[in-house]
Amino acid sequence: MRKIIFLFCFFVSTQIVCAQMKIERVEPLNWWTGMQTPLQIMFYGKDLQQARVQCLEKGMEIIGVHRAESPNYLFVDVLIAPDASAGTYTFEFTLGTHKITHSYVIQARREGSAQRAGFGPQDMIYLIMPDRFANGDPTNDNHREASELANRALAYGRHGGDIQGIINHLDYLQELGVTAVWSTPLLFDNEPQTSYHGYACADYYRIDPRFGNNALYRQMVDMAHERGIKIIMDMVPNHCGTAHWWMDDLPFASWINQFPQFTRSNFQMASHFDPHASQYDQDLCVQGWFDTSMPDMNLTNPYVLTYFTQMAVWWIEFAGLDGLRVDTYPYSDKQAMAQWTKNIVAEYPRLNIVAEAWFATPLMISFFANQLPSAMDFPLQEAIAACFVKDSVPPWGQGLLQVYNSLTQDFIYAHPNNLMIFADNHDTNRMAYLLKGKKEKQKMVMALLATMRGMPQLYYGSEVMLYNKKEQGHGPERLDMPGGWPDDARSVFTASGRSKTENEVFEYTKKLFNWRKGAKAIHDGKMMHFVPVDNNFYVYFRYTEEEMVMVAINNCLSEQVVDWGRFAEITAGYVQGVDVITGQVVRVGESLSVGAQQALVVAFPCKEPDHP
């Protein structure tokens with residue numbers, strides 16, 4: 001009798017479970033034929049854990065099924081046959097007597113997708129914070145699924161900038177000489193406050209509805225490509241947001257790094273390579289949370305690592321991306337991040353990935369830069385930010401010598417030309433603020449960025465010296481671009497809306513970076529520089545066997561005369577060049593001076609042929 005009752009209860013219990021079984025989420029959203037990255041589909045829904053699953057069509061084979069700790073997840077390893085056709089495939093889930101199905105689309109891969117070239121030293125990268133750049137569609141400023149409402153009066157609130165705003169100003173970017181755009185995250189950030197920056201993701205497969213949608217993002221990429229502009233996506237494998245949908249039902253307890261109470265990272269990234277570091281400090285660096293709203297992802301969990309690998313590959317393939325910028329790279333387990341990078345490069349061998357590894361010295365940067373396609377050159381940024389501030393001739397070791405000294409350590413980098421160089425970004429003071437709005441100094445910075453080794457990155461608005469006149473913190477310093485909103489009094493996107501000074505800096509920047517597009521010596525050339533002794537006058541050369549560019553930066557209050565004899569070892573064989581700003585001819589050996597707080601950039605197209 002007990003056996004009969006037990007069987008009856010089991011039958012009733014199974015029927016109840018079966019009746020509730022459903023699929024709520026499937027990630028990745030779809031896949032493609034011809035991919036190298038293994039496909040592991042995460043199915044999420046009520047009571048999926050114990051279901052049996054099969055694929056009903058040939059061409060897609062299930063080679064593994066993994067059950068999570070949560071009763072609502074199923075991880076399914078899928079092999080797509082080399083000769084599989086693009087189309088819709090059906091997964092069937094069975095639990096007891098109940099069956100449900102899910103259609104999964106496999107698309108044909110774009111021709112040449114795996115060999116996309118990505119961005120590099122030939123590019124000028126323009127950094128945009130979408131919420132603060134331009135509001136092209138006021139109807140999406142608020143959304144029924146988004147917690148935070150738009151309020152432009154709040155420095156840390158959402159202001160309404162969006163993808164359509166970027167699309168509307170692609171012609172402006174093209175005019176400026178931009179060849180690549182790095183946007184801070186556009187994925188759904190659903191934190192109730194300060195969600196504008198996008199670094200606390202709530203859904204890794206969805207564009208924030210206040211920015212637009214996935215289709216509009218892909219349209220933006222296509223429209224940018226039509227103008228010769230590449231798109232770099234900002235990715236954050238280190239942490240998600242507390243509003244992420246999985247935080248209410250984690251697949252595994254180890255999906256994120258958890259503590260009995262909130263524990264913040266110690267931010268001691270040097271523990272990665274410190275030979276004396278304790279395991280305690282190393283663990284706290286990579287397992288502690290970046291902030292209270294940013295749960296720390298456990299990339300040592302193989303399911304998490306696979307998830308983030310596939311997410312990156314999915315966006316590259318779906319949107320046609322040209323590269324990735326990786327936020328807070330050293331705050332994750334270094335072996336896991338190395339594997340993540342290796343996985344993506346295996347799919348896209350020529351793709352560039354630039355990591356944020358915020359260290360003060362080149363030696364520290366090199367630890368990560370030499371394991372990656374690229375890294376951000378924070379030591380050079382700090383040198384640039386420091387050296388142009390004072391007008392007088394600085395004490396020894398300061399001024400432009402700080403830039404020189406930073407570059408003397410390039411020997412520790414495997415590929416110094418692939419470092420991202422910049423004067424400011426969304427996490428630093430604006431350069432124009434540090435320079436107190438002095439246009440001549442801003443132009444010197446632009447000249448340096450346009451000609452220095454590496455990949456130059458400009459922060460949106462730098463071309464018109466956008467800045468606050470006092471230091472106020474991230475929110476108020478991440479200014480709205482004037483003219484990006486319909487009710488703005490003026491627009492810096494047009495010459496008529498810019499002041500005389502803004503136009504002067506814009507035109508200077510525009511001329512430099514449009515010239516740079518064809519400057520092979522800048523893209524591919526070596527560098528030779530000369531110590532900026534005593535007078536804060538720095539001269540360096542970029543050169544190939546075919547051409548040379550001479551750069552002279554004078555951050556003094558007096559005119560400086562070029563000593564041609566000092567540079568004879570590099571100028572030998574060249575007769576004349578052209579000032580890329582004025583178009584005036586410059587002849588080697590003839591009297592040449594550089595005005596106070598001026599930069600001179602001279603392009604020498606070729607050496608004079610040898611004569612018998």
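This is a predicted model: local features need pLDDT of at least 70, side-chain atom pairs count only at pLDDT 80 or more; totals for chains, interfaces and linings use all residues.
Which side chains meet in a salt bridge with an N to O distance of 3.6 Å? They are Asp-208 and Arg-158.

Asp-208 sits in the loop between strand 12 (203–207) and helix 5 (214–226). Arg-158 sits in the loop between helix 2 (130–133) and helix 3 (163–168).

Helix 5 leads on to another pair. Asp-171 and Arg-227 form a salt bridge through their side chains, at 2.7 Å from N to O. Asp-171 belongs to helix 4 (residues 170–176), while Arg-227 lies in the loop between helix 5 and strand 13. This bridge ties together parts that are 56 residues apart in sequence. Here the partners are not buried. Asp-171 is partly exposed, with a relative accessible area of 46%. Arg-227 is partly exposed as well, at 22% relative accessibility.

A further bridge joins Arg-325 to Glu-356, with the closest N and O atoms 3.3 Å apart. Arg-325 is in strand 14 (residues 323–326). Glu-356 is in the loop between strand 15 (352–355) and helix 9 (362–369). The pair links distant parts of the chain, 31 residues apart. Arg-325 has 0% relative accessibility and so counts as buried. Glu-356 is also buried, at 6%. Shared partners build a network elsewhere: salt bridges join Arg-109, Arg-116, Glu-317 and Glu-347 into one group. Side chains of opposite charge can pair when their charged atoms come close.

Turn now to the nonpolar interior. In soluble globular proteins, nonpolar side chains tend to be buried together. The largest nonpolar core holds 172 residues. Within this core, Tyr-217 and Trp-255 touch the most other members. Helix 7 (residues 302–319) gives the largest share of the core, 13 residues. Trp-255 shows how such a position is packed. Beyond its neighbours within four places in sequence, Trp-255 is in contact with Met-42, Phe-75, Trp-246, Leu-250, Met-297, Asn-298, Asn-301, Tyr-303, Val-304 and Tyr-307. A second core is separate and has 18 residues, among them Met-548, Leu-592, Val-594 and Leu-600.

The backbone has some local features to look for. The peptide bond from Glu-27 to Pro-28 is cis, with omega near 0°. Pro-28 lies in the loop between strand 1 (25–27) and strand 2 (31–32). Phe-267 is not a glycine, yet has a positive phi of about 60°. Phe-267 is found in the loop between strand 13 (230–235) and helix 6 (279–287). Its relative accessible area is 32%, so Phe-267 is partly exposed. Gln-597, also not a glycine, has a positive phi of about 50°. Gln-597 falls in the loop between strand 25 (593–594) and strand 26 (598–604). At 12% relative accessibility, Gln-597 counts as buried.

The largest pocket has about 500 Å³ of space. Its lining has 23 residues, and Phe-290, Met-294, Asp-427, His-474 and Arg-478 lie nearest the centre. By class, this lining divides into nine nonpolar, eight polar and six charged residues.

The second largest pocket has about 410 Å³ of space. It is lined by 24 residues, of which Met-35, Gln-36, Thr-37, Pro-38 and Leu-39 are the closest to its centre. Strand 2, strand 3 (39–44), strand 6 (73–80), helix 7 and helix 8 (334–347) each give two or more residues to this lining. Strand 6 provides the largest share, four residues. The classes here are 13 nonpolar, nine polar and two charged.

The largest cavity has a volume of about 70 Å³. Its lining includes Ala-369, Tyr-413, His-415 and Leu-419. That lining has eight nonpolar, four polar and no charged residues.

Conventions
Residues are numbered from 1 along each chain as its sequence is written. Side-chain values use heavy atoms; hydrogens and water are left out. A nonpolar core is a set of buried Ala, Val, Leu, Ile, Met, Phe, Trp, Tyr and Cys residues joined through side-chain atoms within 4.5 Å. Buried means under 20% relative accessible area, exposed over 50%, partly exposed in between (1.4 Å probe, protein chains only). Contact means heavy atoms within 4.5 Å. A salt bridge is a side-chain nitrogen of Lys or Arg within 4 Å of a carboxyl oxygen of Asp or Glu. On a 1 Å grid over the protein atoms alone, a cavity is a set of points where a 1.4 Å probe fits but cannot get out, and a pocket is an open set with protein on both sides within 12 Å along at least five of seven lines; lining residues have an atom within 4 Å of a point. Grid points are joined across faces, edges and corners, and a volume is the space filled by probe spheres set on the points. Ala, Val, Leu, Ile, Met, Phe, Trp, Tyr, Cys and Pro count as nonpolar, Asp, Glu, Lys and Arg as charged, and the others, Gly among them, as polar.
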